[in-house]
Amino acid sequence: MPEAKLSSSLEDYLECVYNRINLNGAVKAIEISKDLNVSRASVTEALNKLAQKEYINYGRYEMISITEAGIKKAREIINKHNVIQSFFEDVLGVSSSEAANTACQIEHIITENILEKLSNFNKFCSSEPDFINKFKNK
């Protein structure tokens, strides 16, 4: 039933929930607030929206859990981030922190078509190290 387009902000919240649950087995709103450097009120509003879209289960004073649809969507977001970051680091030779920060911004707007082409280019580059070395040495 879900698959509504998420705003950049809601994608960040969903990614945070997913990562926290994978890391600790559970997540609390206060942890999300700290991770994303936002107010508790903002977290509550975002969690309610994600629950309405059926990506998470959330109620006041309850532990937050992620649905199968939420896991699928979070993994898509993380994959986008990883493909973009890999391109910046492995192909362009950008520092890890700059690559991660920029990937975080681009992951929200990149089209599936461009993401697929970028992913294919990353695969090509990893199979052709001479190509990358020539490029990086220019």
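User: Lys-134, buried or exposed?
Analyst: Exposed: Lys-134 comes out at 60% relative accessibility. The cut-offs are under 20% relative accessible area for buried and over 50% for exposed, with partly exposed in between (1.4 Å probe, protein chains only).

User: What kind of model is this?
Analyst: This is a predicted model, where local features need pLDDT of at least 70 and side-chain atom pairs count only at pLDDT 80 or more, while totals for chains, interfaces and linings use all residues. Residues are numbered from 1 along each chain as its sequence is written, and side-chain values use heavy atoms, with hydrogens and water left out.

User: Ok, and which helix has Lys-134?
Analyst: Helix H7, residues 129-136. Helices here are DSSP runs (H or I, at least four residues), as are strands (E, at least two), numbered from the N terminus.

User: How far is Lys-134 from Asp-35?
Analyst: In space, 39 Å from C-alpha to C-alpha; in sequence, 99 residues.

User: What does Asp-35 form with Arg-20?
Analyst: A salt bridge, with the closest N and O atoms 2.8 Å apart. That pair links distant parts of the chain, since Asp-35 is in helix H2 and Arg-20 in helix H1, 15 residues apart. By salt bridge I mean a side-chain nitrogen of Lys or Arg within 4 Å of a carboxyl oxygen of Asp or Glu.

User: Which residues are in the network with Arg-20?
Analyst: Salt bridges link Arg-20, Glu-31 and Asp-35 in a network. Glu-31 meets the Arg-20 side chain at 3.8 Å, N to O. Glu-31 sits in helix H2 (residues 29-36) and Arg-20 in helix H1 (residues 8-24), so this bridge ties together parts eleven residues apart in sequence.

User: Is Arg-20 buried or exposed?
Analyst: Arg-20 counts as buried, at 19% relative accessibility. Glu-31 is partly exposed at 21%, and Asp-35 is partly exposed at 40%.

User: How many salt bridges does the structure hold?
Analyst: Five. One of them joins the side chains of Lys-49 and Glu-45, at 3.3 Å from N to O. Those two are four residues apart in helix H3 (residues 40-52), so about one helical turn separates them. Lys-49 is partly exposed at 36%, and Glu-45 is partly exposed at 46%.

User: Switching topic: which residues make the nonpolar surface patch?
Analyst: Phe-121, Phe-124 and Phe-131, giving about 250 Å². Patches take residues with over 30% relative accessible area and no salt bridge, joining like charges within 9 Å and nonpolar side chains (Val, Leu, Ile, Met, Phe, Trp, Tyr) within 5 Å. The areas come from the Shrake-Rupley method with a 1.4 Å probe; for residues, only the protein chains shown count as cover.

User: Where is Phe-121?
Analyst: In helix H6, residues 112-127. Phe-124 lies in H6 too, three residues apart from Phe-121, about one turn of the helix. Phe-121 is partly exposed at 31%, as is Phe-124 at 37%.

User: How many aromatic pairs are there?
Analyst: Three. Among them is Phe-121 with Phe-124, a tilted pair at 6.2 Å centre to centre with 35 degrees between the planes. Rings of Phe, Tyr and Trp (its six-membered ring) pair if their centres lie within 6.5 Å; planes under 30 degrees apart are stacked, over 60 edge-to-face, and the rest tilted.

User: Which residues form the aromatic cluster?
Analyst: Phe-87, Phe-88, Phe-121 and Phe-124 form one cluster.
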